[in-house]
Amino acid sequence: MPQQATLELVGPSVTARLEECVVGLLSLVLAAGTIHLTSDGRDIAAVWPANAVLLAALLDRRPGARAGVFVAGFVANLAANAIMRGRAPAICSMPPATSSKSASRPTCSGPPWPMTGC
């Protein structure tokens with residue numbers, strides 16, 4: 001009698017979730033420290049080493065297992081802004097701002113021109 005193949009949805013392991021939490025916590029600490037040390041609390045920080053932690057975590061994972069790192073980084077940035085500035089309106093408006101920036105990028109249909117960015 002042939003065995004029937006069953007489809008099991010297997011999520012990330014507990015270790016992977018724990019690593020994502022550690023990455024998020026480390027990113028939060030670095031982001032809050034960076035805001036405190038390089039910014040006056042009203043504008044953006046000059047450097048952002050928290051992204052180095054997120055990049056290292058992303059490069060360590062296969063492409064299908066990166067969503068947790070993105071979520072951890074986003075939540076860490078929200079929390080760092082809320083802790084250090086008392087609010088987080090700028091980070092909440094970033095996804096629409098970045099998508100509108102890429103949507104407004106000019107499309108080029110000829111040879112590349114160095115001065116136009118096409």
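In which helix is A72 found? A72 is found in helix α3. The structure is a predicted model, in which local features need pLDDT of at least 70, side-chain atom pairs count only at pLDDT 80 or more, and totals for chains, interfaces and linings use all residues. Residues are numbered from 1 along each chain as its sequence is written, and side-chain values use heavy atoms, with hydrogens and water left out.

The chain holds five helices and zero strands. Its elements run α-α-α-α-α from the N terminus on. Helices (H or I, at least four residues) and strands (E, at least two) are DSSP runs, numbered from the N terminus. Of the 118 residues, 23% count as buried. Buried means under 20% relative accessible area, exposed means over 50%, and partly exposed lies in between (1.4 Å probe, protein chains only). Contact means heavy atoms within 4.5 Å. Among contacts between residues at least 6 apart in sequence, 50% join residues at least 24 apart.

Helix α1 has 25 residues. From first C-alpha to last, α1 reaches 36 Å, close to the 36 Å expected at 1.5 Å a residue. The expected span is 1.5 Å times one less than the number of residues. Just after α3, G86 takes a positive phi of about 85°.

Two packed helices are described by the angle between their axes and the distance between the axes. The axes of α1 (residues 14–38) and α3 (residues 67–85) come within 8 Å and cross at roughly 35°. Axes are lines fitted to C-alpha atoms, for helices over the stretch in contact, and angles run from 0 to 180 degrees between N-to-C directions. The crossing of α1 and α3 is right-handed. A crossing is right-handed if the near helix is turned clockwise from the far one by less than a right angle, and left-handed if anticlockwise.

On the α1 side, the contact is made by R17, E20, G24, S27, L28, A31, A32, I35 and H36. On the α3 side, the residues are G68, V69, A72, A76, N77, A79, A80, N81, I83, M84 and R85. The residues of this contact divide into eleven nonpolar, six polar and three charged. Ala, Val, Leu, Ile, Met, Phe, Trp, Tyr, Cys and Pro count as nonpolar; Asp, Glu, Lys and Arg count as charged; the others, Gly among them, count as polar.

The buried residues of α1 are E20, V23, G24, S27, L28, A31, A32, T34 and I35. They pack against α2 and α3. In α3, G68, V69, A72, G73, A76, N77, A80 and N81 are buried. An α-helix has 3.6 residues a turn, so residues three or four places apart point the same way.

A72 counts as buried because its relative accessibility is 13%. Leaving aside neighbours within four places in sequence, A72 is in contact with E20 and G24. A72 and L25 are 47 residues apart in sequence and 8.2 Å apart in space, C-alpha to C-alpha. I83 also lies in α3. I83 is exposed, with a relative accessible area of 58%. I83 and L28 are 55 residues apart in sequence and 9.7 Å apart in space, C-alpha to C-alpha.

T34 has its place in α1. At 7% relative accessibility, T34 counts as buried. Its side chain reaches the backbone oxygen of L30 at 2.6 Å. Not counting residues up to four places away in sequence, T34 touches S39, A45, V47, W48 and P49. S39 sits in the loop between α1 and α2. S39 is buried, with a relative accessible area of 12%. Beyond its neighbours within four places, S39 is in contact with T34, I44, A45 and R85.

R61 lies in the loop between α2 (50–59) and α3. R61 counts as buried because its relative accessibility is 11%. The side chain of R61 makes a polar contact with the side chain of E19 (3.3 Å). A polar contact is a pair of N or O atoms within 3.5 Å; within protein, one must be able to donate a hydrogen and the other to accept it, and residues adjacent in sequence count only if both atoms are side-chain atoms. A polar atom of the R61 side chain also lies 2.9 Å from the backbone oxygen of A57. Leaving aside neighbours within four places in sequence, R61 is in contact with A16, E19, E20, R66 and V69.
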